[in-house]
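Reader: I would like to go through the salt bridges here. Please show me the sequence and the structure.

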Amino acid sequence: MQFSPDTIRCDYASPLGPMVLAARAHALVGVWFVGQHHQPDWSLWPGDTQHPVLLQTARQLDAYFAGTMRQFDLPLDLGNGTDFQQSVWRALCAIEPGHTVSYGTISQLIGKPTAVRAVGAAIGRNPLSIVVPCHRVVGANGALTGYAGGLDRKIALLQLESRL
């Protein structure tokens, strides 16, 4: 994934470990747990703790972790992914808090019923952890499988949403 040179970032201290938030002018482009799989090298991005999108994201994450907010309302820029990845990430946004769906369900939702593995790969590269709820995707038999931020965090997020 290539991110624009005008990407800016800030650190966020979540109850599940340190995170990095990233934005461009008017939209959020990234939310990662430090050390998760497929994270970009954000070391060259300037920090800005006062950027409006990053402040709004931090406030909403605070409310989410406090259990007072279930649905994010943030301007998102998914343009760092391929068309296929973007279609998967948009489908993830339709999963209601407290619910889970299978990788196969996502592949059917995007009109690619045989692309389950590709869907899994796209989900693993989701740049907007939690906000684009890839943690709500489970195996066909309901098993908790992969999460770029770590399976322990996936379990914690699902528990927070009161559905395991």
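Reader: Is R24 buried, partly exposed or exposed, and what is its relative accessible area?

Author: This is a predicted model. Buried means under 20% and exposed means over 50%. R24 lies in between, so it is partly exposed, with a relative accessible area of 29%.

Reader: Which residue of the segment before strand 1 does R24 pair with?

Author: R24 sits in the loop between strand 2 (17-23) and strand 3 (28-33). Its partner is 18 residues apart from it, in the segment before strand 1 (8-14). The closest N and O atoms are 3.0 Å apart.

Reader: How far apart are the closest N and O atoms of D77 and R24?

Author: D77 is in the loop between helix 1 (52-66) and helix 2 (83-93). It links to R24 across 53 residues. A salt bridge needs the nitrogen within 4 Å of the carboxyl oxygen. The closest N and O atoms here are 3.4 Å apart.

Reader: Are E161 and R136 buried or exposed?

Author: E161 lies in the segment after helix 5 (151-160). R136 lies in the loop between helix 4 (116-124) and strand 5 (137-138), 25 residues apart from E161. Their side chains meet in a salt bridge at 2.8 Å, N to O. E161 and R136 are both buried.

Reader: Which residues do salt bridges with shared partners join into one network?

Author: The structure holds three salt bridges. The network joins D6, R24 and D77.

Notes:
Residues are numbered from 1 along each chain as its sequence is written. This is a predicted model: local features need pLDDT of at least 70, side-chain atom pairs count only at pLDDT 80 or more; totals for chains, interfaces and linings use all residues. Side-chain values use heavy atoms; hydrogens and water are left out. Helices (H or I, at least four residues) and strands (E, at least two) are DSSP runs, numbered from the N terminus. Buried means under 20% relative accessible area, exposed over 50%, partly exposed in between (1.4 Å probe, protein chains only).
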